[in-house]
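Q: I have the sequence and the structure open and would like to go through some side-chain details with you. Could we take it piece by piece?

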Amino acid sequence: MMRRCALACCLLVIAFIQVDSEAGASNTAAADVAFQFTKQLYNVSIPENSVAKTYASQAPGSDLMGIRLSSDALADIRYKIVEGDKDKFFKAEHRVVGDFCFLFIRIKTGNNDVLNRERKDKYVLQVRATASIKEGKQKVQFNSDATVVVTVLDTNDLSPLFYPTEYNATVFEDTPVHRSILKVVAEDADLGRNGEIYYSFVEETDMFAIHPVSGVISLSRPLRYNEGTYHELTVFAQDRGPGLNHGGMFSKAKIRIRVKKVNSFAPEIRIRRHPQIVENSNADIYAIVNVSDKDSGVHGEIASLEIVDGDPDGHFRIRPTRQKGEYNIEVLKLLDRETTPQGYMLQLRASDRGIPPRESYKSVPVQLTDLNDNAPVFNKEIYDVKVPETAPVNTPLIRLKVTDADEGKNAQVYLEIVGGNEGGEFSINPETGMLYTAVPLDAESKQFYSLTVSAIDQGNVGTRKQSSAKVKIYVEDTNDNDPIFEKSEVTVWIDENMPPGTSVTTVHAKDRDRGENAYISYLIANLNKVPFEIDHFSGIIKTTQLLDYESMRREYVLRIRASDWGLPYRRQTEMQLTVKVKDVNDNRPQFEKVDCVGHVPRYVAIGSEIITLSAIDFDAGNLITYRIVSGNEDGCFGISETSGTINVSCDLNDIRVGERELNVTATDNTHFADIVRVRFKLVNAKRGAISTGKLLTDDMGAFDCKDTGVARRLTEVLADAEDNNKPLAQEEFPMMPTRYGQNVHSPEFVDFPVEIKVNESVALGTTLVKLRARDRDLGYNGKLIYGISGGDVHSQFCLDMETGELKVIGYLDREREYEYFLNVTVYDLGKPQKSSSRVLPITVLDVNDNAPKFEKTLASFRVTENALNGTAIFRANATDADEGDNAKVTYTLVTDTKDFHVDKVTGVLTVSNGLDRERQDLYELRIRATDGGGKGPDNPPLYSEALVRISIDDINDNAPKFSLASYTVKVREDIPKGTVVAVVTASDPDLGPEGEVVYSLEDSESDGTFKIDRLSGTIRTTKPLDFEERQVHSLVVYASDKGNPSLSSEATVTVNVVDVNENMYAPQFGDFVLTGKVKENQPVGSLVMQVNATDQDPPGGDSNVEYSIRGGDGIGIFAIDNKGKGFALFKY
């Protein structure tokens, strides 16, 4: 508080009168008198509730309020309030001191009402001043107006008022410490400090704190529902102004705080379940769930347990049992493992009835055990396969793909041919599903097979299921059959002289092959030209020229060859066709001589031969007969049918004409020769000159004929016939091609590889090698095909039967099979078929296709935070199924940490740095095992990772730590007792009791002025503070944990006490105007007068009065000491 009081705030006018001064000037003309206020507006103040005759005062240093008298003639000076005081509170007074007439405003007497600032805090008064001067017998009146603003000053006449006077609050027990609970509000209509309110609790409490200014009530300790559910406090509200006994005005309010239990704990879910459940089983209950809650009352009641996730199709449901908190997880629908092969992960949610409700979740895995409820399924119902009939035994045809939705043995499928394979023509690998030929096939015997393949799983006996598929196998013809004639030798006859193109016969050959292999074309294979041709497609044999039995060959032996259209070689066969020319009557008889002219004596006796006509027939064996066709109407001549001799049949003398002409023809009974004219003259000759019956050859009777040359031609024809039918000097027929001969030689491999090495990562369809073989036979006897006859147990390889290319058709895995010995065979297509076999070793080379595999992929350990460097935690062990560098494993720590290290060779995980649980309490370390395989950026090494969780156990290695090393606070000296001045906080990162902090206070110098809450660190006052006694309090706060031994730390709290002005009252003089007198010529330092002022403040510094002259003494003529004595400083 202030040690010295201020100067008096009232107006004190001290008038010093010079005793021997001269009288002023006498009468002044009224016209020269100035009568007016020093200012037009004055401000004064007066406390409210002032009693009668209390004067309003001006502020120190204000101008004098009134009128300066310019003439002593002014008389009857008066002040009057003419406006602004309708309540008649005020009265205007005057006092003349020297040449100044002071205006004073005071409280009028006789008024029962008092000033109330809260009702009206300002009055504006119009004051009029009047005066008069005598001029002779008349009085001259003067007046002047001024405005006086009266400000009503506040006094502490009102107590703080609470509204409401009772407060109720419900607080949850988990409300954080120092959290605001409610705010109390009291109002005081006074001004300044009179209206400023301090709040405090009447009762001492460590549980709650109230802010002295805002009235906000907060928690200073944790609430415990079990320790108390109701708190009743009294809040004391006191203003800072003076009141009775200088204590201020106050009022009280009741605070009722109810602690509401909170839903502190979420429900706990415990499950007793079956490890697995068989799909499609009739099991009703899968698991029993117990739900409990540590809360009591309604907060501990379980509202519901439900499945909120993991069962989209509603296969499960929750049903409560009769036992409280127990529920069953029931199977509502049949479960199908194939629909959900990973099982179910049911997400349970338990809710309590607390407000607000709490929830907890629990995952319940449901693993379904496979039931063999699915039959194997082929990827096709019907397979179509084509295979050439020359395919060697053990040729792979097709891989049947079968899947089974079950798992384990129930999904392991074996295949078997159950139908259509009565002859054992095919076999199937029961594991791989590869279908092979088992015997040589013959498309001519059977070109279509319909196999029924059954797939049966390996489930338990009685539960096995199977399915089947059809495999349609079409055996393709490969021209393995020669054409075959119906007969190997055939003899046919053909008449001679048939026109060219005459069909002789049709040959027909059959081929058991199909398609173009069965298409047959024919040709005549004779080396010598024959007068025949054959239609290449129909086999019709025709003549190419006219055949003449008489002059040409009479028998032809044709070699007919039939060829099919097969590839790469044609197959051929031959037959012998003998064509015999049949003689036919195709020649007319021809006379050797024609146009005979002669003469015959008339005396020729009857029967005499006159001429013999000779006709030749080129046909063999034909009998010629002769006849006269004309000229013998009288029958005088006759002709021998067999010899052609013409004889006389009548007496020629009887003939009247002298010349006769006979037309003679010859016939072989089919054809007639050209007519031969025989003309002769009948002459008269001597009788008896010609013997009867003899041919006339002499001059008396002879004929002259033309020679036709028929005899010569006949000789030539007979010569040709003899020549043409001689045996041929050379072979007329070619030999059959040697490629259709016997299969003499066996095939043999050429440059057969000693060994094949292949990476296990080889792509399907890759050609490993192309095998080469040769056969010295020709044609089909030298045509080769290839096959694998053994060693391919897993159906991994295929040998192209035509090209000899060995291909990979199944994925290789060195870890399963690292070496194969294939028995490869090469066959020719001769008859009988010959073959040769060799063993081909195949070595599967390792590829880095296996990542290292940890023995344990997840491990958890605990270690104390004071573990020494080098402490072994865990040894990782990973193996790699590859070999060589691909199997060499090194270990690295993927997680970025300096606290642990893993040995790259042994995999031992050790501590490598100081551990600190407070810095990190859990490590999730990823250890990577990397193999030595992989070369280059495109083929990196393989790795796998294991997760090691290391939990760091706490030790009491941390002392509590204050948030600040020192705290500095400022508080007013007038705050109520029990006010919170500071809250210190310290934290201890240790766990359990080692991390619980308690506070203590060392306050030896403050004599117990402060105390600290040991739990919350809240520092309160225990006594009133006094700035005048002590301005600074230095406290030492200790924070200790509950460890054994306990660790502690300290912090300083400096409380600076702020001074509050307790000087409530200004000093007051006994009067506003004090009058003193001093004689002239008094020495310097002479006592002029004594002034006294009083102060209503309590005894002490606030009531000590000091004096000073503020104005009016000109150039400093007077001085005053602290006792109120005035002295003259200059000599008058």
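Q: Let's start with D145: is it buried, partly exposed or exposed?

A: Bearing in mind that this is a predicted model, D145 counts as partly exposed, because its relative accessible area is 33%.

Q: And which residue does D145 form a salt bridge with?

A: D145 pairs with R128, and the closest N and O atoms of the two are 2.8 Å apart. The pair links distant parts of the chain, since D145 belongs to strand β8 (residues 138–153) and R128 to strand β7 (residues 122–135), 17 residues apart. R128 is partly exposed too, with a relative accessible area of 36%.

Q: How many salt bridges does the count come to?

A: The count comes to 51 salt bridges. One of them joins the side chains of R68 and D99, at 3.6 Å from N to O. R68 sits in strand β3 (residues 66–68) and D99 in the loop between β5 and β6 (100–107), so this pair ties together parts that are 31 residues apart in sequence.

Q: What about the accessibility of R68 and of D99?

A: R68 has 44% relative accessibility and therefore counts as partly exposed, and D99, at 41%, counts as partly exposed as well.

Q: Then R337 and E338: how far apart are N and O in their salt bridge?

A: The side chains of R337 and E338 meet at 3.2 Å, N to O. R337 counts as buried because its relative accessibility is 4%, and E338 counts as buried because its value is 17%, the cut-off for buried being under 20%.

Q: Which residues are linked in a network of salt bridges?

A: One such network links E166, E232, K254 and R256.

Q: Now a charged residue without a partner: where is D190 found, and what is the nearest side chain of opposite charge?

A: D190 is found in the loop between β12 (186–187) and β13 (197–201). D190 is buried yet has no salt bridge, and the nearest side chain of opposite charge, that of R117, is 4.8 Å away; a salt bridge would need a side-chain nitrogen within 4 Å of a carboxyl oxygen.

Q: What does the side chain of D190 reach instead?

A: The D190 side chain reaches the backbone nitrogen of L158, at 3.1 Å.

Q: Switching to S251, which backbone atom does its side chain reach, and is S251 buried or exposed?

A: The side chain of S251 reaches the backbone oxygen of P160 at 2.6 Å. S251 is placed in strand β17 (residues 250–260) and counts as buried, because its relative accessibility is 16%.

Q: And K86, buried or exposed?

A: K86 counts as exposed because its relative accessibility is 73%, and its place is in the loop between β4 (75–83) and β5 (90–97). Between K86 and I417 there are 130 Å in space, C-alpha to C-alpha, and 331 residues in sequence.

Q: What lines the second largest cavity?

A: Its lining is made up of Y55, E93, R95, F104, D1071 and F1072. By class, the lining of this second largest cavity has three nonpolar and three charged residues, with no polar ones.

Terms used. Residues numbered from 1 in each chain as written. Predicted model: local features only at pLDDT ≥ 70, side-chain atom pairs only at ≥ 80, totals over all residues. Heavy atoms only, no water. 1 Å grid on protein atoms, 1.4 Å probe; cavity = no way out; pocket = protein on both sides within 12 Å on 5 of 7 lines; lining within 4 Å. Nonpolar A, V, L, I, M, F, W, Y, C, P; charged D, E, K, R; others polar. Helix = DSSP H or I, 4+ residues; strand = E, 2+ residues; numbered from the N terminus. Buried < 20%, exposed > 50% of the residue type's maximum accessible area, 1.4 Å probe, protein only. Lys, Arg positive; Asp, Glu negative; His and termini not counted. Polar contact = N/O pair within 3.5 Å; in protein donor to acceptor, adjacent residues only side chain to side chain.
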